[in-house]
Amino acid sequence: MRCVKCHSLEDKVIDSRLSKDGFSIRRRRECLRCGHRFTTYEQVERRDVLVVKRDGTREPFKREKLLGGLIKACEKRPVSLQTLENVVEEIVNDLAAGNLREIPTRIIGPKVMAQLQRIDPVAFVRYASVYRQFQDVGEFSEVIESLENSPMANLLQPDLFESAT
Ligand SMILES: [Zn+2]
């Protein structure tokens with residue numbers, strides 16, 4: 001596997017782990033030239049799973065795209081990449097259990113939001129605002145309010161948030 005830093009093809013696997021569902025293997029690799037460490041996933045190809053978007057168009061379900069959205073939502077937030085990878089894993093397993101060939105985004109979005117709500121309130125609001133494409137400010141503040149009224153509210157205080165992690 002080509003190193004993303006120096007583009008060398010020489011690497012060694014330093015850790016391999018099978019996912020809970022047994023459908024993917026996560027490998028930690030180390031570049032033999034520059035020492036950079038990176039992660040690869042080997043998974044059973046599920047060519048037939050499509051995501052149905054709001055406008056009715058379809059595209060292949062991609063784990064990396066889901067992770068990318070999460071990383072964006074958690075930018076500059078105290079959330080580790082490992083946490084986000086676990087979220088993706090959980091959602092992928094969840095979707096695989098449903099055994100659907102076509103998955104509407106309206107099913108995936110709420111799953112992601114439920115996880116983010118648990119992990120980081122700011123990331124949750126960011127994700128929700130993109131996912132729901134809020135029509136007006138009123139709708140957006142409703143989400144903020146529901147957050148403030150939920151048990152999540154205390155997490156909005158940074159000190160408590162740090163002690164909770
Ligand atoms: Zn390298």
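**The zinc site and its surroundings**

A: Start with the geometry: the zinc ion has a tetrahedral site, with angles of 102 to 114° among its four donor atoms. Keep in mind that this is a predicted model. The donors from the protein are the SG atoms of Cys3, Cys6, Cys31 and Cys34, and they lie 2.3 to 2.4 Å from the zinc ion. Along the sequence, these donor residues follow the spacing C-x2-C-x24-C-x2-C. Cysteine 3 belongs to the segment before β1 (11-18), while cysteine 31 is in strand β2 (residues 24-31), so this pair ties together parts that are 28 residues apart in sequence.

How buried or exposed are those two? Cysteine 3 has a relative accessible area of 1%, and cysteine 31 has one of 2%. With under 20% as the cut-off for buried, cysteine 3 is buried, and cysteine 31 is buried too.

β2 is part of an open sheet of three strands, ordered β1-β2-β3, with antiparallel pairing. The edges of that sheet are β1 and β3 (37-43); each has a single partner strand, so one side of each is left without a neighbour in the sheet. On average, neighbouring strands here are turned by 25° against each other, ignoring direction. Between β2 and β3, which run antiparallel, there are seven bridges.

β4 (residues 50-52) and β5 run antiparallel and are joined by three bridges. If you want a residue pair to find on screen, valine 52 has arginine 58 as its bridge partner in β5.

One last stop, on the aromatic side. The charged end of arginine 63 sits over the ring of tyrosine 41, at 4.7 Å from the ring's centre. As for aromatic pairs, the count is zero.

So, back to your metal: the picture is a tetrahedral zinc site built from Cys3, Cys6, Cys31 and Cys34, with cysteine 31 in strand β2, and β2 in turn belonging to the antiparallel sheet β1-β2-β3.

How values were computed
Residues are numbered from 1 along each chain as its sequence is written. This is a predicted model: local features need pLDDT of at least 70, side-chain atom pairs count only at pLDDT 80 or more; totals for chains, interfaces and linings use all residues. Side-chain values use heavy atoms; hydrogens and water are left out. Donors are N, O and S atoms within 2.8 Å of the metal (3.2 Å for Na, K and Ca); water is not among the atoms, so sites may look incomplete. Four donors count as tetrahedral if all angles lie between 85 and 135 degrees; four count as square planar and six as octahedral if opposite donors are over 155 degrees apart and all others between 65 and 115; anything else is irregular. Helices (H or I, at least four residues) and strands (E, at least two) are DSSP runs, numbered from the N terminus. Buried means under 20% relative accessible area, exposed over 50%, partly exposed in between (1.4 Å probe, protein chains only). Rings of Phe, Tyr and Trp (its six-membered ring) pair if their centres lie within 6.5 Å; planes under 30 degrees apart count as stacked, over 60 as edge-to-face and the rest as tilted. A charge sits over a ring if NZ of Lys or CZ of Arg is within 6 Å of the ring centre and within 35 degrees of the ring normal. Two strands pair if DSSP finds at least two bridges between them. Axes are lines fitted to C-alpha atoms, for helices over the stretch in contact, and angles run from 0 to 180 degrees between N-to-C directions.
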